[in-house]
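Welcome! Take a look at the protein below, and then we can go through it together in questions and answers.

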Amino acid sequence: MTMKKIYLAVFTMALLLAACGDKKSENVRLSGTLQGMADDTVYLYGTDRYYNRLDTIFVKQGKFVKDIEVDTLVSAWLQFGNGMEYPLYMDKADLIEISGSADKPGLLAIKGNPANEELTRFHQELFGKDLPSEAAVEKAAEAFIRSHPNSLASIYVLDKYFVQKSVPDFSKIKELSEQMAGSLKDRLYMEQLLEYLESYEKVSVGKSASYFQIPGMDGKDIRRTDFKDKYLLLYFWASWSDACRETSRQLKQLYKEKKNREKFDILGVSLDVDKEVWKDAVVNDTLDWKQGCDLKGWNASLVGQFAVRTLPYNVLLAPSGRIEGRNLTQKEIEEKLAEIAKKK
């Protein structure tokens, strides 16, 4: 090989290496600033078949940068230390910027990827000023779904503002889901949502709950028949959820007031998987009502039986087994018990 050919070959190789170096990365670059958060950890987990793993994001002084490898458009959840979750959508080579407050992770501003930006605009327009009424929220959510039939964000909006209501309107949910593109219906998130609705209808308000039992703290089974002639609040919680621990503290006062004057009781159903951690939480939080846990987490038998998808969650049962309410606030529980007392 002549010297001229050697120089030409070296020059060509250098050009190829330079071209490779300039090639845009196909990884997603997540970066963000979260006010009110120092050094902490945020988890990112997938909700579809194309991204079904868990990634850890380390936050340093409120800032983070993380590269995520994806092959196509995927949906995922950001999970914060206080138990709050927020949807995130990613595609190859996306540059996603996240900003907001750690105290209000439900109202993050996310740039990068159309679905993120559509959802951000929706929330900013809806909650940017005064807190809207439930009817206004539902109207805006319906309009969003109808105007974004191809957006992954529409699945989240359907779930958040229609499915997660204490008394879902199944006909409305079916109508809105039919507005969505076929590509959305093939997503695992949507498939699971529709499967959940099918299960939910079987245990919706007015239906009768089937018999159940769950291991108690002493290892002996707790049965529905142990609460004969009582209205029973099944309270689903977990020691690792700050929101659950706060709700437990609120329920303590209600339990103290009602357990002797009303035919009312509570059964805590924990989604913990570590028996000692669960027991320690019960003792440390001084929870007086009976507690059950089969240590199977989200695979717990009562979770599937009562179609539970979020924590904390509750189901109010009448002595007959009739389901009187689902996911009630403390005020709604008190109103329901007052309504029951008047009927006696």
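Q: How many helices and strands are there in the protein?
A: This is a predicted model, where local features need pLDDT of at least 70, side-chain atom pairs count only at pLDDT 80 or more, and totals for chains, interfaces and linings use all residues. Residues are numbered from 1 along each chain as its sequence is written, and side-chain values use heavy atoms, with hydrogens and water left out. Helices (H or I, at least four residues) and strands (E, at least two) are DSSP runs, numbered from the N terminus. Counted that way, the protein has 11 helices and 15 strands.

Q: What percentage of the residues in the protein are buried?
A: Buried means under 20% relative accessible area, exposed means over 50%, and partly exposed is in between (1.4 Å probe, protein chains only). Of the 344 residues in the protein, the buried share is 44%.

Q: Which residues of helix α4 are buried?
A: Helix α4 covers residues 153-163. Because 10 of its 11 residues are buried, α4 is largely enclosed by the rest of the structure. The buried ones are A153, S154, I155, Y156, V157, L158, D159, Y161, F162 and V163.

Q: Which residues is S154 in contact with, leaving aside its neighbours within four places in sequence?
A: S154 belongs to helix α4, and it counts as buried at 0% relative accessibility. Contact means heavy atoms within 4.5 Å. With those sequence neighbours left aside, S154 touches F144, I145, H148 and M180.

Q: How many aromatic pairs does a search of the whole structure find?
A: Rings of Phe, Tyr and Trp (its six-membered ring) pair if their centres lie within 6.5 Å; planes under 30 degrees apart count as stacked, over 60 as edge-to-face and the rest as tilted. Searching the whole structure with this rule gives 10.

Q: Which residue lies over the face of Y196?
A: A charge sits over a ring if NZ of Lys or CZ of Arg is within 6 Å of the ring centre and within 35 degrees of the ring normal. K290 lies over the face of F227 in this way, at 5.4 Å from the ring centre. Over the face of Y196, at 4.8 Å from the ring centre, lies R309.

Q: Which residues line the largest cavity?
A: On a 1 Å grid over the protein atoms alone, a cavity is a set of points where a 1.4 Å probe fits but cannot get out, and lining residues have an atom within 4 Å of a point. The largest cavity has a volume of about 50 Å³, a volume being the space filled by probe spheres set on the points, which are joined across faces, edges and corners. Its lining is made up of L34, V42, I57, F64, L78, F80, I98 and L108.

Q: Is E201 buried, partly exposed or exposed?
A: E201 lies in helix α7 (residues 188-202). Leaving aside its neighbours within four places in sequence, E201 is in contact with F170 and K207. At 38% relative accessibility, E201 counts as partly exposed.

Notes:
1 Å grid on protein atoms, 1.4 Å probe; cavity = no way out; pocket = protein on both sides within 12 Å on 5 of 7 lines; lining within 4 Å.
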